[in-house]
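Subject: Model for you to look at

Hi,

Here is the model I promised to pass on.

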Amino acid sequence: DPAIALNIFVDNLQRGLNAVNAAAPVPLPAWIPGAYPVSMDEFISAVLQFVQQSTNGNVVDNFSIAPNSGPESMAVAGRFVELNLDPFVISVANAAGGFLARLHGFYDRKAA
């Protein structure tokens with residue numbers, strides 16, 4: 001089964017959130033519950049829940065998603081594309097001055 005791990009660049013994410021929380025330049029997306037300010041834990045949890053909604057798999061700890069199949073893995077990848085186009089995420093990344101995270105995909109080679 002596939003798995004996707006999220007390597008979060010904590011310093012960049014915190015820097016970006018601090019700047020965006022101070023200015024509130026864009027409305028919060030529907031997938032982030034609550035209001036400004038958004039903490040790093042709230043942001044990470046909201047991202048994982050948003051992405052996990054595209055699969056019947058699980059969120060494991062606070063850094064990986066375990067879809068149940070190749071098609072679900074592709075659906076997860078599509079959700080990350082949506083996140084990359086989200087105005088709030090773009091604002092955080094721009095304020096951070098760098099990448100917020102790196103994705104790693106893992107697939108086993110067992111016979112189907």
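Below are the notes on the fold, the aromatic rings, the core and the pocket.

First, some housekeeping. This is a predicted model, so to speak of a local feature we need pLDDT of at least 70, and side-chain atom pairs count only at pLDDT 80 or more, while totals for chains, interfaces and linings use all residues. Residues are numbered from 1 along each chain as its sequence is written, and side-chain values use heavy atoms, with hydrogens and water left out.

**Fold**

The chain has four helices and four strands, taken as DSSP runs (H or I of at least four residues for helices, E of at least two for strands) and numbered from the N terminus. Along the sequence they follow the pattern β-α-α-β-β-α-α-β. Of the 112 residues in the chain, 38% are buried; buried means under 20% relative accessible area, exposed over 50%, and partly exposed in between, with a 1.4 Å probe and protein chains only.

**Aromatic rings**

The whole structure holds four aromatic pairs. Rings of Phe, Tyr and Trp (its six-membered ring) pair if their centres lie within 6.5 Å, and planes under 30 degrees apart count as stacked, over 60 as edge-to-face and the rest as tilted. One of the pairs is tryptophan 31 with phenylalanine 50, which is tilted, at 5.5 Å centre to centre and 35° between the planes. Tryptophan 31 is in the loop between helix H1 (10-23) and H2, and phenylalanine 50 is in helix H2, so this pair ties together parts 19 residues apart in sequence. Both partners count as buried: tryptophan 31 at 16% relative accessibility and phenylalanine 50 at 10%.

Another pair is phenylalanine 43 with phenylalanine 88, with ring centres 6.2 Å apart and planes at 45°, so it is tilted. Phenylalanine 43 belongs to helix H2 and phenylalanine 88 to helix H4, so the parts tied together are 45 residues apart in sequence. Phenylalanine 43 is buried at 6% relative accessibility, and phenylalanine 88 is buried at 0%.

Trp31, Tyr36, Phe43, Phe50 and Phe88 form one aromatic cluster.

**Core**

In the largest nonpolar core, which has 27 residues, Leu13, Trp31, Phe43, Phe80 and Phe88 touch the most other members. Such a core is a set of buried Ala, Val, Leu, Ile, Met, Phe, Trp, Tyr and Cys residues joined through side-chain atoms within 4.5 Å. Two or more residues come from each of E1, H1, H2, H3 and H4, and H2 gives the most, with eight.

**Pocket**

The largest pocket has about 420 Å³ of space. A pocket here is an open set of points on a 1 Å grid over the protein atoms alone, where a 1.4 Å probe fits, with protein on both sides within 12 Å along at least five of seven lines; lining residues have an atom within 4 Å of a point. There are 18 lining residues, and Phe80, Asn84, Val89, Leu100 and Ala101 lie nearest the centre.

Happy browsing!

Methods:
Grid points are joined across faces, edges and corners, and a volume is the space filled by probe spheres set on the points.
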